[in-house]
Amino acid sequence: IELQHPKPITMGMWIGGDRDGNPFVTAETLNKSALTQCEVIMNYYDEKIYNLYREFSLSTSIVNVSDKVREMALKSQDNSIYREKELYRRALFDIQAKMQATKAYLIEDKDLQPRYATADEFYQDLLAIRDSLLENKGEYLISGEFVELMQAVEIFGFYLASIDMRQDSSVHEACVAELLASANIVSNYSELSEDEKCRVLLHQLSEDPRILSATHVQKSDLLEKELAIFQTARELKDILGEDVIKQNIISHSTSVSDLLELAIMLKEVGLVDQESARVQIVPLFETIEDLDNSCDTMKKYLSLPLARKWIASKNNYQEIMLGYSDSNK
């Protein structure tokens with residue numbers, strides 16, 4: 001069986017997103033972590049494209065190019081008379097200009113045009129050059145740095161490594177309890193039974209479109225901080241691509257309500273709705289008791305139509321973490 005666009009390796013890390021027990025991880029930390037990575041990979045792309053520009057000195061006096069590459073070359077600002085027939089170089093100049101404009105937009109918030117909206121647009125331009133070389137007996141150039149660059153774009157996108165977000169379930173519960181109280185929905189959420197908690201949360205997630213944090217009630221520092229980091233996650237996904245943050249891990253997961261509480265926080269910033277989830281909700285079962293009950297907890301969660309929709313939107317993939325911190329496990 002031939003795999004389509006296989007990714008033998010992907011990169012991920014905790015830096016900037018794991019605030020479980022670390023009060024110094026904030027929205028600013030997450031943003032800096034993601035954009036620093038972005039800058040590293042964009043500089044790498046810029047260098048690679050420049051190297052290819054120096055290497056691809058083919059003249060149309062000798063070789064032909066595809067219509068797509070010709071179109072890219074005509075849009076290029078590389079108007080030197082010495083480049084008149086070097087259409088691959090002119091096309092690469094256009095790609096580099098768009099890459100530099102993209103970097104300026106992502107890192108410095110400068111809206112220069114034209115630029116790439118997604119890493120896939122960048123990949124498609126490289127693909128056009130590759131296909132043109134294959135069509136016109138230039139396959140000997142499709143090796144080394146060119147292949148390395150295309151593979152890097154597939155693996156790293158504009159983000160380099162996915163950032164895992166993580167927070168303790170008790171923090172999610174405290175934030176959700178405050179939101180429900182401030183919106184006059186439930187004043188004593190933490191005192192409810194597990195079944196009552198799930199009923200309240202599912203109603204908010206399935207039937208009530210309200211953004212609970214949109215009230216004018218003053219918020220605690222904890223809630224402000226958590227909402228800010230989720231909002232930053234949303235903004236980073238919008239500009240860097242979905243894979244910059246793929247999942248949010250819940251430390252000390254004990255019940256279905258723990259998973260739904262995180263969903264409430266994600267709903268506040270538009271990362272989940274009634275049909276899909278842009279961030280996967282990942283429980284981390286840690287204590288002996290929670291590990292013993294984890295199968296029942298997940299069976300109940302997976303039986304929820306709403307949860308099944310969220311998982312379906314993530315290609316029917318659900319990750320579960322098992323605790324390992326205590327040696328007696």
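## An enclosed strand

All 6 of the 6 residues of strand S5 (residues 280-285) are buried, so this strand is largely enclosed by the rest of the structure; buried here means under 20% relative accessible area, with exposed meaning over 50% and partly exposed the range in between, for a 1.4 Å probe and protein chains only. Both faces of S5 are covered, with Gln280, Val282 and Leu284 buried on one side and Ile281, Pro283 and Phe285 buried on the other. Strands and helices are DSSP runs numbered from the N terminus, where a strand (E) has at least two residues and a helix (H or I) at least four.

The structure is a predicted model, in which local features need pLDDT of at least 70 and side-chain atom pairs count only at pLDDT 80 or more, while totals for chains, interfaces and linings use all residues. Residues are numbered from 1 along each chain as its sequence is written, and side-chain values use heavy atoms, with hydrogens and water left out.

## The sheet around S5

An open sheet of 4 strands, paired in parallel, has the order S3-S4-S5-S6; two strands count as paired if DSSP finds at least two bridges between them. Strand S3 (165-168) and S6 stand at the edges with a single partner strand each, so one side of each is left without a neighbour in the sheet.

On one side of the pairing, strand S4 (residues 247-251) runs parallel to S5 and is joined to S5 by 4 bridges. Within this pairing, Ile250 has Pro283 of S5 as its bridge partner, and Asn248 stands opposite Ile281 in S5. Strand S6 (residues 321-322) also pairs with S5 in the parallel sense, over 2 bridges, and Leu284 has Met321 of S6 as its bridge partner.

## A helix across the strands

S4, helix H9 (residues 256-268) and S5 make a right-handed β-α-β unit, a crossover being right-handed if, with the strands pointing away from the viewer, the path from the first strand over the helix to the second runs clockwise. H9 lies across S4 and S5 and runs at about 145° to S5, where axes are lines fitted to C-alpha atoms, for helices over the stretch in contact, and angles run from 0 to 180 degrees between N-to-C directions.

Met321, found in strand S6, is buried, with a relative accessible area of 17%. Leaving aside neighbours within four places in sequence, Met321 is in contact (heavy atoms within 4.5 Å) with Trp14, Ile249, Val282, Pro283, Leu284 and Phe285.

## Aromatic rings

Rings of Phe, Tyr and Trp (its six-membered ring) pair if their centres lie within 6.5 Å, with planes under 30 degrees apart counted as stacked, over 60 as edge-to-face and the rest as tilted. By this rule the count comes to 4 aromatic pairs. Tyr53 and Phe93 form a tilted pair, 6.2 Å centre to centre with 55° between the planes. Tyr53 lies in helix H1 (residues 27-55) and Phe93 in helix H3 (residues 87-108), so this pair ties together parts that are 40 residues apart in sequence. Tyr53 is buried at 12% relative accessible area, whereas Phe93 counts as partly exposed at 31% relative accessibility. Elsewhere, ring pairs link Tyr44, Tyr45, Tyr116 and Phe122 into a cluster.
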